[in-house]
Each structure stands twice: as C-alpha cells, then as structure tokens.
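This report describes a structure through its chain contact, its sheets, its helices and its core. The sequence and the model are shown first.

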Amino acid sequence: MMNLSGPAIAVRDLRVSRGGTEVLHGLTFEVPRGQVTGLLGPSGCGKTTLIRSIVGVQIVESGEVAVLGEPAGSPALRRKIGYSTQSAAIYRDLTVLENLRYFAAVLGAGKDDAERVIEEVGLAGARKQLGGSLSGGQLSRASLAVALLGTPELLVLDEPTVGLDPVLRQDLWRLFQSLAERGVTLVVSSHVMDEAARCHRLIMLREGEILADGSPEGLREHAGTTDLEEAFLRLIEEKAERVR
Amino acid sequence: MNVAITLATAGRILAQLRHDRRTLALLVGVPSVLMILLRYVIDDPSAFNRLGPTLLGIFPFVVMFLVTSITTQRERATGTLERLMAGPLGKFDLLVGYALAFGAVAAAQVTVVLAISLTWLGLDLAGSVWTLILVAVLDSLLGMALGLFFSAFARTEFQAVQFMPAVVLPQALLCGLIVPRDAMAPWLEWLSDVMPLSYAVEAMQETARTGDFTGVLVRDVLIVGGCTILSLVLGAATLRRRTP
C-alpha cells in the first residue's frame, strides 16, 4: 500500500559540503506526491548533490531529508526509489538486456520486467547490444530503464534527457507524465529551460540556493514574462537587487 | 545475505567475462605459458618439481588480485556501485558474488595449468590433484579479497594497477620462491611470517610434497582462509552507502 499522507520529500535546512566547500547552503522545500517536480539550474548549481542527498548516498553536513516519511537512505526506501545518475551507471561489458536482468534480479522484480522497461525507453532494437557500443543517448536511456524497474514510488532522475533527439525526449516526458498519473512521484533535473514547462512544479537552484519554487505558470506570472528562461534571469536580477 | 542477489551477482560477473574473451584467454593462457617457460628455463626436473607448485600458488593469487581490484574500481568509477548501494543489495551479497564468480574462474585456470604441468611438463606430485585445486582456489580467493580491499584506495584504474606490484611483489619475494624462508635474515623471516601469501605457497608445496593432509597443511589452509575472510570484512567496510 502506498502511504499517501504527507509530502513525498521534505527537506529542512540541508547543508552539504563537497571537497571542503559548502555547495548547498541550507535548502528547505517539499515535494508533493504524484507530480513531476523539475529541478532546474545551471551546471554546478548543486542539482546532483541535492539529488544524491534525496537518494541517501550523499554524506550531508546538517539538516534533514525525509523521503516517503522515512529518513533518506533508510533500508526501507531501497526498493521504493528508482535512481538514475547523470552519467550512465550500467555495465559497458554487458548487453542492455543482461544489464536490466541483473538489476531486476537485485530488486526482486519479475522476469519480464527487463523487457517492459526496454520497451518503455525505446531500446527494443538495441537490447542485444553491449553497453559500450551504445550511443550516448542510448546509454542514458539504458540507465534510465534501470530506474524504472520494479514499482518505485519515487523516481529521482538526474538529467535523463540530455543528448536525446526531440521525438525521444517527448516520448520520455509523456512516460513521466503517465507515471505521475499512476501516483508515482518524479524528481527530474535538467538544465534545459524548455523542459521546465512540462513539470507540475519547478524548483530553481542557483549557486546552492533556491531561487524559486512554484508552478511554471506561477513563475511566469511572477516574472511577468511567458518565457521561462527570461523568468529565470529576472529572478536572478531581483535577488541581486534585494541583496544590494 | 540474499541468496538470489548473490547468485545473480556471480552470474553477472561471469557474463561480463564471457563478453571479454581476450581477458578470459589471458587469465587461463598466461599462467600456462609462464609455467611452460619456467620448465624449459630451469631445464632440471627436480628443481622444477620444487618451484612449480610454488608458482601454482602465486599465479591465481596475482591474477585474481589484479582482476578484482580493477573490476571493483570500475564499479566505483562508472557509478554502478553507487546504484547498487542505493538499492536493496547487501555488501556481502556483492562480495560473495565476486568470490563465487572469481573462484570458479580460478578453478578453471588452475585446472588448465595443472593439466599441462602434470602431462607435458612432467611435474611430479605426491599429493592429490583435488587438494591442489582446493588450495589454489583458496589462494585465488585470498588474492580477490585483498584486491577488493586495496581497490578502495585507488582513485583510478591506473592506480589500481600500481597496487599490484606494491602489494604482491614483496609477498612474492618473501614467500620462499627465491630463497627458502628459514634461510632469510631474521627480520625478513619475521616479515615473511606475517604475509598471507607465504602460507598459501607453503600449503601448495606441502600438497605437492606429501600425499597426506599434514598438520602444516591444515594450519596453512586455516591461516589463508582466515586472512581471506578478514580481507573480505575489511573490503566490506570500504563499500560505503554514503560517500562525500
């Protein structure tokens, strides 16, 4: 049974340092269930570190991260979260199918699950190909497929659509939407602004701080522009003025 | 421990090796060629009878150290380890999976080298072939466990390769291959006494020398087994769910 009470993710005053520098400066936000939340911001703004903290693989300095009502990283969450890293985490010396069969076995997912997710990410034609011989886009889709195995309640995807052609990108976003309609919570990071419009909710990060948190419509309205890229710029200016 | 995950992991590692025919050929071929070289370089059957079993103890140790440290380093670098650690896989599922897969490869390796040595090269064994294989597999597991442990200190594959001479060569020099251990200076003999490969090689020599399961052999097998388990536990401690 899915526990539908409370937010999917609740982060409070999260601080993380990497290599001696603080990269997240006390973030506080919540992610509601059954929605696609976009994590947007330029490269180096702390998206990946935040995602790693949510998944529970990041050593954090201070603050709290609760995921599906449990502290991030607790053993109960390990079957409930589908996680896809930015660089494709699959075995280059195994075929796509062998990779997915192995990860499915680790998750205890059914035998046909590997075939299902291969179809979902559109890799049926490459299922017998070795990971090392895939193109960049195919590789990242294979990695995404691993995150879809089983029945995750939360999908955390770090830049899953980088380098994909527009048709494939559209297909994947449709898949994300349909998963959300089934009640799955998705957190998807991106540095491409045109993907932001497809999310229910946006969290904009810049230099380890939250710049904005709201619906795409709300952000456009607030900034007084229809273009999200421009809205992002205005928010940065606004903040700079406040500091001054 | 989860048997299904452990077996899936062992199967996955064997599948990776199956796709890498060249590595497989090197794993089995190189020790055989070295053994043949040794036989004709020495060109003295009684000296070969003394040195041959020693090398049979060293080969699987060295090869498994190298293969394991690089494979594990690669798992860390490509992110598959992080992915597994974020999921329900237990540390010992992974370690025992490695042990099963590489133990099987070691058994195949030793069987081929032994077959060539006993027939073509005229190696004269007093003990049973099975004891020899058992001791060789144990040696290889020791190499695997140490390789796993030391791979944690290698940031790159390049460093992982450098650990091989650093960890293996001193042990090979001190294990009685070149000079009998009791003929060394006391401080070297003492060093030799605390190095696990010394006992692995002694067990091999003992098996070759006498047909009985002597007290020395039992002691050596226990020491090698103990060191293997100790290194596996230390190796498990280096597999972190959370990283900086």
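## Contact between the chains

The contact takes 23 residues from chain B and 25 residues from chain A, where two residues are in contact if their C-beta atoms, placed from the backbone, lie within 7 Å. On the side of chain B that touches chain A, the elements giving two or more residues are helix H1 (3-19) and helix H4 (80-86) of chain B. H1(B) provides the largest share of that side, seven residues. By type, the residues of the side of chain B that touches chain A are 10 nonpolar, seven polar and six charged. Here Ala, Val, Leu, Ile, Met, Phe, Trp, Tyr, Cys and Pro count as nonpolar, Asp, Glu, Lys and Arg as charged, and the others, Gly among them, as polar.

This is a predicted model, in which local features need pLDDT of at least 70 and side-chain atom pairs count only at pLDDT 80 or more, while totals for chains, interfaces and linings use all residues. Residues are numbered from 1 along each chain as its sequence is written, and chains are lettered from A and ligands numbered from 1 in the order in which they are written. Helices (H or I, at least four residues) and strands (E, at least two) are DSSP runs, numbered from the N terminus.

## Four-stranded sheet

In chain A, four strands form an open sheet in the order E2-E1-E4-E5, with antiparallel pairing. Strand E2 (21-31) and E5 of chain A stand at the edges with a single partner strand each, so one side of each is left without a neighbour in the sheet. Two strands pair if DSSP finds at least two bridges between them.

Strand E1 (residues 9-18) and strand E4 (residues 62-67) of chain A run antiparallel and are joined by five bridges. A:Ala10 has A:Ala66 as its bridge partner in E4(A). A:Ala66 also has a bridge partner in E5(A), A:Pro71. E4(A) and strand E5 (residues 70-71) of chain A are antiparallel and joined by two bridges, and A:Val67 stands opposite A:Glu70 in E5(A). The hairpin of E4(A) and E5(A) has two residues between the strands, and A:Leu68 takes a positive phi near 50 degrees there.

Helix H1 (residues 47-55) of chain A lies across E1, E2 and E4 of chain A and runs at about 120 degrees to E1(A). Axes are lines fitted to C-alpha atoms, for helices over the stretch in contact, and angles run from 0 to 180 degrees between N-to-C directions.

## Six-stranded sheet

A further open sheet of chain A has six strands in the order E6-E7-E8-E3-E9-E10, with mixed pairing. Its edges are strand E6 (81-84) and strand E10 (209-214) of chain A; each has a single partner strand, so one side of each is left without a neighbour in the sheet. On average, neighbouring strands of this sheet are turned by 15 degrees against each other, direction ignored.

Strand E7 (residues 154-158) and strand E8 (residues 185-190) of chain A run parallel and are joined by five bridges. E3(A) and E9(A) also pair in the parallel sense, over four bridges, and A:Thr37 has A:Arg201 as its bridge partner in E9(A). E9(A) and E10(A) pair in the antiparallel sense over five bridges, with A:Ile203 opposite A:Asp213 in E10(A). In the hairpin of E9(A) and E10(A), which has two residues between the strands, A:Glu207 takes a positive phi near 50 degrees.

## Helix H5 of chain A

H5(A) lies across strand E3 (36-40), E7 and E8 of chain A, running at about 150 degrees to E8(A). Helix H5 (residues 166-181) of chain A has 16 residues and spans 23 Å from its first C-alpha to its last, close to the 22 Å expected at 1.5 Å a residue. The expected span is 1.5 Å times one less than the number of residues. Just after H5(A), A:Gly183 has a positive phi of about 105 degrees.

## Core and buried positions

The largest nonpolar core has 140 residues, of which A:Ile54, A:Leu100, A:Ala145 and A:Val156 touch the most other members. Helix H6 (residues 129-151) of chain B gives the most to this core, 13 residues. A nonpolar core is a set of buried Ala, Val, Leu, Ile, Met, Phe, Trp, Tyr and Cys residues joined through C-beta atoms within 7 Å. A residue is buried if 20 or more other C-beta atoms lie within 10 Å of its own, exposed if 12 or fewer, and partly exposed in between, with C-beta atoms placed from the backbone. A:Val156 stands opposite A:Val187 in E8(A). Not counting residues up to four places away in sequence, A:Val156 touches A:Ile51, A:Ile54, A:Val55, A:Ile81, A:Tyr83 and A:Val187.

Strand E9 (residues 201-206) of chain A is mostly covered, with five of its six residues buried. A:Phe232, in helix H7 (residues 228-243) of chain A, counts as buried because it has 22 C-beta neighbours inside 10 Å. Leaving aside neighbours within four places in sequence, A:Phe232 is in contact with A:Met193 and A:Met204. The C-alpha atoms of A:Phe232 and A:Gly41 are 8.9 Å apart, although the two residues are 191 residues apart along the chain.
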